[in-house]
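This report describes one protein model for a reader who is new to structures. Please look at the sequence and the model before reading on.

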Amino acid sequence: MANCNNCCSVEENHDHSSHDHDHEHNHDNSKLILGISLAIFFLGLIIQYIFKPSWFIDHQYVRLAWYGVAYVLVAFSVWREAFDLAKKLDFFNEFSLMGIATLGAFVIGEYPEGVAVMLFYTIGEMFQDAAVTKAKGNIKALLDVRPDIAHVLRNGNFETIKPHDVAIGETIQVKVGEKIPLDGELISDKGSFNTAALTGESKPSTYKLGETVLAGMLNLENVVEIKTTKKFEDSSIAKILQMVQDAASRKAPTELFIRKFAKIYTPIVFFLALALVVIPYFFVDTYVFRDWLYRGLVFLVVSCPCALVISVPLGYFGGIGAASRNGILVKGSNFLDLISKVNTVVMDKTGTMTEGVFEVQKIETNLDQKQFLDYVSALEKQSTHPIAKAIVANHPSELKAIEVEEISGKGLKGKVDNKVVLAGNGKLLHHFSIQYPQEINDIVESIVVVAIDGKYAGYITIADKVKADAKQAITRMKALGVSKTIMLSGDKNTITQNVAKEVGVDEAFGELLPEGKVEKVEALKQNSNQVIAFVGDGINDAPVLALSEVGIAMGGLGSDAAIETADIVIQTDQPSKIATAISIGRETRKIVIQNIVLAMSVKAIVLFLGADGIANMWEAVFADVGVAMLAILNAVRIQRMKFK
């Protein structure tokens, strides 16, 4: 039987098939033992209260033996847990409370009630196990996508080995129906892949020669070959799995409080039950030990903290599972708690609200166009910025840039073919005191202004596209009560304002350096009433992601630094998932609060009635096991909810 204190730890999915088989075998045995105990128990009740034969009614030892067998079958594992914890000097826990209460019931001759408490407690624990297994379903499914083999080209032949043993730069082959084992560059002409393991979206995606493909993608059409660019432990799928496994260690404040509360609450309850039995002896004239012991036992059963200790972590775990099913990785229940309180969302523009896939629109130069593009492309090859990639894709250059220097927030400087080339925004040329036509500043599109050997040489305009669900994302956030939406960008202010107007953002600020974004968020944090979430995808967003209360990274195209710094990762790159994450966080928190209120209120009522001698052991069973089962049912509701 599971310890409810540990019921929500994430299981590592190593290759332990024999262990899984043993676990299933033991689980089946537990069900069989429970079934036999239930049969003996109910048959005893029928004999005792319907047929009433003298051999059963008049002989207490017969009833003791009968119910004793039913009790031992289910109580053995509870007492074993209690003794194991006692060895660790943990004397006050749900196992010891149940054990003492049921043993006490046998001492005073209430055999059916003693068995009933243990039976229903065991059923509750099995019910809990089933709920936890269901809650882990989405995460276990994610763990199951880990690729097992890699076909690597060595000595002219493809060898099948473990992905961990493949080096960077080796060629691997992926057959139809197999998962890509490592991140790499497609060296086949094209391939079609199912990316559900990484993004939660099962729609096939087509990749072309030279494009990056990720471990965990499922090959759908033809045999493809890939040149690996990362080791397995650094691959996207390995990082996602690590995030999922680490999630259980980051607890929400509510969950941490409940755990601390249970550790203090349980011994207090034990001594209160003891006091309920002993103290009335000195004040009640008609004191009957058996009656007050019965009240004390009822008190013990009612006060067991299982409903709280089980349902609160289960609620959060269910929320993490629901988020995972929607393509959102939450790195811990504390972040699920925090996002439920978010009222200000700050977003990066490029790659977050826009596609981040740029295309060259216009080339204007006073030089030979090919020569101009050769120089610019050679320099931009040294950058990972989407605009740089667009220029290189439009016109690959054979030239090589040297002494390349990135000037933060302005652009690049380097030498190409013994000429000093500058490529960036107007600020870059202004920084080097280079004159250029001022009408360039009025161009709305993204623009790369170029100077060669200290003279203006021309410009290239680049276009980006707003994501299809960007406007819907802002609308949904506002509908959820997010009071302020802000967009920050290093791009031209005119472009930033146009995008902001198109999607419906409240405020927008363009032409910001990375430190400018930090300053804006720090200014917002001066208002203690604002709970800020920042959404970004680039390496320059990492400082702001770390600074905000909740950092959200766009995981599909986002940089490793952004993904690792963020608290929540949106695998689908859809801004509308920001609202989905807020919805899941709020529903999870609502369910957790409902469970706490339900458990505490029912227990308080039955504790009072039990101490007054009104409630009996059957009511105590409902107040403990019944409430626990109701709380579990409430907790697993989130897994059935549909989120947009």
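What is the order of the strands in the open sheet of six strands? The order is β2-β1-β3-β9-β4-β7, and the pairing is antiparallel.

## Basis of the model

This is a predicted model, in which local features need pLDDT of at least 70, side-chain atom pairs count only at pLDDT 80 or more, and totals for chains, interfaces and linings use all residues. Residues are numbered from 1 along each chain as its sequence is written, and side-chain values use heavy atoms, with hydrogens and water left out.

## Overall make-up

The protein has 23 helices and 22 strands. Both are DSSP runs numbered from the N terminus: helices are H or I with at least four residues, and strands are E with at least two. Of its 644 residues, 53% count as buried. Buried means under 20% relative accessible area, exposed means over 50%, and partly exposed lies in between (1.4 Å probe, protein chains only).

Among the contacts with a separation of 6 or more, 66% are between residues 24 or more positions apart. A contact means heavy atoms within 4.5 Å.

Two strands pair if DSSP finds at least two bridges between them. Strands β1 (residues 150-154) and β2 (residues 157-161) are antiparallel and share five bridges; R154 has N157 in β2 as its bridge partner. Two residues lie between these strands in their hairpin, where N155 takes a positive phi near 55 degrees.

On to β3 (residues 171-174): this strand pairs with β1 in the antiparallel sense over two bridges, and H151 stands opposite Q173 there. Strand β3 is also joined to β9 (residues 224-228) by four bridges, again antiparallel, with K227 in β9 as the bridge partner of T171. In a regular strand the side chains alternate between the two faces of the sheet.

## Salt bridges

A search of the whole structure finds eleven salt bridges. A salt bridge is a side-chain nitrogen of Lys or Arg within 4 Å of a carboxyl oxygen of Asp or Glu. One of them joins R290 and E110, at 2.7 Å from N to O. This pair links distant parts of the chain, 180 residues apart: R290 is in helix α11 (residues 289-303), and E110 is in the loop between α4 (94-107) and α5 (111-135). R290 is partly exposed, with a relative accessible area of 36%.

K230 and D183 also meet in a salt bridge, at 3.9 Å from N to O. K230 lies in the loop between β9 and α8 (236-247) and D183 in the loop between β3 and β4 (184-186), so the pair ties together parts that are 47 residues apart in sequence. K230 is partly exposed at 23%, whereas D183 is buried at 2%. D348 forms another salt bridge with K517, with the closest N and O atoms 3.1 Å apart. Both D348 and K517 are buried.

## Two buried residues

Where does R476 lie? R476 is in helix α17 (residues 470-479). R476 is buried yet has no salt bridge, and D469, the nearest side chain of opposite charge, is 7.0 Å away. Lys and Arg count as positive and Asp and Glu as negative, while His and the chain ends are not counted. Leaving aside neighbours within four places in sequence, R476 is in contact with S576, A579, T580, S583 and K644.

G610 belongs to helix α22 (residues 576-611) and is buried, with a relative accessible area of 2%. G610 and R295 are 315 residues apart in sequence, but 5.8 Å apart in space from C-alpha to C-alpha.

## Positive phi in loops

Most residues other than glycine have a negative phi, and most peptide bonds are trans. K52 has a positive phi near 50 degrees. K52 lies in the loop between α1 (17-51) and α2 (54-57) and counts as exposed at 53% relative accessibility. E511 has a positive phi near 55 degrees. The loop between β19 (507-509) and α19 (514-524) holds E511, which counts as partly exposed at 39%.
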